[in-house]
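What follows is a walk through one protein model, taking a pocket, some helix packing and some backbone angles in turn. Please keep the sequence and the coordinates open while reading.

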Amino acid sequence: MAKIKVLLADDQELILESLHIVLSMEEDLEIVGLARNGEEAVKGCEQFMPDMVLMDVNMPVMDGVAATALIKERMPATKIIMLTSYKEVEYVLAALSHGAEGYLLKAIHPKDLAAGIRVVQAGGTLISQEMAGKLIKNMNNPSLAKNNEFGLTAREIEVLQKLAAGLRNQEIAEMLYLSEGTVKNYISSIYSKLHVKSRREAARKARDSGIMDH
């Protein structure tokens, strides 16, 4: 039986090592790579072509959400499970909107973690009822529905609203608990989706299309 190839991404050495140890004990899992930030996770996926990535949400250089978006764009067949230390709902929703297959809390028992990997590998998803409820609520949010014509994610809409309100990248980063680099990535993605080249144009389009209605 072919083993499930897994790449682990977490910036905390202790967590990375312990995940490596416990998951290596499972006969059907093979740990093919370790990454300490989102950028390393993307490179690791290109190098090792894993079936599955266990992706920490908050990491330096590039966070797990941005890394998920890139991996899903370049290697859509790679399955991704977000690992969250507590209920980082907004981050998880953003990752799911980019195509992540689900999420697990880091405090989970190793056996349950291995079981979760098998569920996703078999084509299932891992989303709690609470998270599913939030997803549905977000999908029914009129400002989001309007924006699906542009294909903006919930997170991009948040960034766009702050940008249109005149906030600088650093302020947006602080308010949304993101790194400035991640905010810049979101802004360039917003520009390309809205077909604009400046903050002013983006803000105008946001108002014209009703993204700012709240």
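Predicted model: local features only at pLDDT ≥ 70, side-chain atom pairs only at ≥ 80, totals over all residues.

The largest pocket has a volume of about 340 Å³. Rolling a probe the size of a water molecule over the atoms shows where empty space is left. Which residues lie nearest the centre of the largest pocket? They are Ala66, Ala69, Glu73, His98 and Ser189, out of 15 residues that line the pocket. By type, the lining divides into five nonpolar, seven polar and three charged residues. Two helices, helix 3 and helix 10 (180-194), each supply at least two residues of this lining. Helix 10 gives the most, with five residues.

Two packed helices are described by the angle between their axes and the distance between the axes. Helix 8 (residues 154-164) packs against helix 10 at an angle of about 95°, and the two axes are 10 Å apart. Helix 8 is therefore roughly perpendicular to helix 10, as the range for that term is 65 to 115 degrees. On the helix 8 side the contact is made by Arg155, Glu156, Val159, Leu160 and Leu163, and on the helix 10 side by Tyr186, Ile187, Ser189, Ile190, Lys193 and Leu194. Seven of the residues in this contact are nonpolar, one is polar and three are charged. Ser189, which is part of the contact with helix 8, is also one of the residues named nearest the centre of the largest pocket.

Helix 10 also meets helix 11 (residues 199-208): their axes come within 11 Å and cross at roughly 60°. That angle makes helix 10 oblique to helix 11. The crossing is left-handed. Ile187, Tyr191 and Leu194 of helix 10 make the contact with Arg199, Ala202 and Lys205 of helix 11. The residues of this contact divide into four nonpolar, no polar and two charged. Ile187 and Leu194 take part in the contact with helix 11, and both are likewise listed in the contact with helix 8.

The axes of helix 2 (residues 38-48) and helix 3 (residues 64-74) come within 9 Å and cross at roughly 20°. Helix 2 and helix 3 are therefore roughly parallel to each other. Helix 2 passes helix 3 in a right-handed crossing. Helix 2 contributes Gly38, Ala41, Val42, Cys45 and Glu46 to the contact, while helix 3 contributes Ala67, Leu70, Ile71 and Arg74. Of the residues in this contact, six are nonpolar, one is polar and two are charged.

The stretch of chain between these two helices holds some backbone angles to check. Most residues other than glycine have a negative phi, and most peptide bonds are trans. Met49 is not a glycine, yet its phi is positive, at about 45°. Met49 lies in the loop between helix 2 and strand 3 (52-56). Val61 is not a glycine either, and its phi is positive at about 65°. Val61 is found in the loop between strand 3 and helix 3.

Key: Residues numbered from 1 in each chain as written. Heavy atoms only, no water. Axes fitted to C-alpha atoms, helices over the stretch in contact; angles between N-to-C directions. Helix = DSSP H or I, 4+ residues; strand = E, 2+ residues; numbered from the N terminus. Parallel < 35°, antiparallel > 145°, perpendicular 65-115°, else oblique. Left-handed = near helix turned anticlockwise from the far one by under 90°. Contact = heavy atoms within 4.5 Å. Nonpolar A, V, L, I, M, F, W, Y, C, P; charged D, E, K, R; others polar. 1 Å grid on protein atoms, 1.4 Å probe; cavity = no way out; pocket = protein on both sides within 12 Å on 5 of 7 lines; lining within 4 Å. Points joined across faces, edges and corners; volume = space filled by probe spheres on them.
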